[in-house]
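Colleague: Please take a close look at one part of this model for me, and then walk me over to the ligand site.

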Amino acid sequence: MTTVLITGITGQDGSYLADFLLDKGYDVHGMVRRSSTETFLRIEHIRDRITIHQADLLDQLSLINLIEKVQPDEIYNLAAMSFVPTSWVQPVLTAEFTAVGVTKMLEAIRLVNKKIKFYQASSSEMFGKVQEVPQRETTPFYPRSPYGVAKVYGHFITVNYRESYDIFACSGILFNHESPRRGKEFVTRKITDAVARIKCGLQDKLYLGNLDAKRDWGYAGDYVKAMWMMLQQEKSEDYVIATGETHSVREFCEKAFSHAGLEWQDYVGLDPRLVRPAEVDLLIGDPTKAHNRLGWHPEHTFGELVDMMVDEDLNRYRQ
Ligand code: NAP
Ligand code: F7E
């Protein structure tokens, strides 16, 4: 049985990856940070099939001890401060978790067992003010937030440990991926949750920031499969994972409201406080390498994703 350690298992991607690897017959271990209340909502349904351990990306010794105890074959480093606006409010903490935390994880692997395969959750936010359209593995980075800058560090330290110590380390450059398990502060879930609340008479208005921003949105369940595929290759490499399509926040609103039989202009207002100090205007990925080398393709369209998220939120409020 293959043993896996997932950091960030309580997050959106961690929960889908745990589901996916349990189906593959893995012995799944998750790392969580200590909290006064548990944040296990997304993994409640598999709680008795996985093993949870406490450790923190900020604490080097806790990572070394954890890897010695679990003896994983694969590690997926998904833990991070992942909400872009917070990275301007807590830039130093963001760097400590999202950037230096990756080095701590890689150092623990180097010290305990260099044969462990490592996946780093890199991000399309590294492309920021895009230098090429569409963005691919060779596109230069130009991050536009402390979060994006931290992810660039995490990406290059992963490449560096691969080249310095021959560790099987992959950086997955994933474009935005969403689901009914997405945190409600991210724009897609903020919209679908509001659509459901408005439809059920629980809310009157939805306030958003920049409606013109364009993102390449995919379904998280499809993207965790790509993470696993990267670690099953002969050679460790970096891959862009994206749909190759882009849509604006405005289009997302139109589609989500109309799926519930509502006209979006009747409910959406603008709040300038939600506009970011520096915006990423356009993201669109080129997943050709993942198609050709991994055989990976997204299995859900943009329309299916929006409908799925609205339907789940509607069902929840109706119940
Ligand atoms: P998420 O829902 O925000 O989950 C983040 C996870 O990290 C949570 O489990 C959180 O634990 C954990 N965490 C944060 N700080 C930690 C620390 N110091 N020690 C231990 N655990 C810590 O994020 P996601 O959407 O699943 O994304 C997963 C990863 O992919 C992140 O690294 C994100 O930056 C990256 N990424 C995401 C996307 C996307 O579109 N979703 C795209 C590209 C890259 P708590 O439950 O305790 O908060
Ligand atoms: O914003 C605009 C906002 O917060 C998307 C993270 O998973 O994906 C995510 O980062 C766009 C931005 O995601 C609101 O200005 C308008 O242009 O959903 P988001 P993100 O910043 O793209 C990347 C790949 C990651 O790696 C990150 O971890 O939507 N927008 N109005 C808004 N955004 C939010 N959150 N709230 C609004 O009211």
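Modeller: Happy to! Helices (H or I, at least four residues) and strands (E, at least two) are DSSP runs, numbered from the N terminus. This is a predicted model, with local features needing pLDDT of at least 70 and side-chain atom pairs pLDDT 80 or more, while totals for chains, interfaces and linings use all residues. Residues count from 1 along each chain as written, chains are lettered from A and ligands numbered from 1 in written order, and side-chain values use heavy atoms, without hydrogens or water.

Let's start with Thr158, which sits in helix H5, residues 146–165. Thr158 counts as buried because its relative accessibility is 0% (buried is under 20%, with a 1.4 Å probe and protein chains only). Leaving aside residues up to four places away in sequence, Thr158 touches Val102, Leu106, Phe118, Gln120, Ala169, Cys170 and Ser171 (heavy atoms within 4.5 Å). The C-alpha atom of Thr158 lies 7.9 Å from that of Thr103, although 55 residues separate them along the chain. A polar side-chain atom of Thr158 is also 2.7 Å from the backbone oxygen of Gly154.

Now to ligand 1. Oxygen atoms of ligand 1 lie 2.9 Å from a polar side-chain atom of Lys151 and 2.9 Å from a backbone N or O atom of His177. Of the 910 Å² of accessible area that ligand 1 has on its own, the protein covers 89% (Shrake-Rupley, 1.4 Å probe).

Definitions and conventions
Buried means under 20% relative accessible area, exposed over 50%, partly exposed in between (1.4 Å probe, protein chains only). A polar contact is a pair of N or O atoms within 3.5 Å; within protein, one must be able to donate a hydrogen and the other to accept it, and residues adjacent in sequence count only if both atoms are side-chain atoms.
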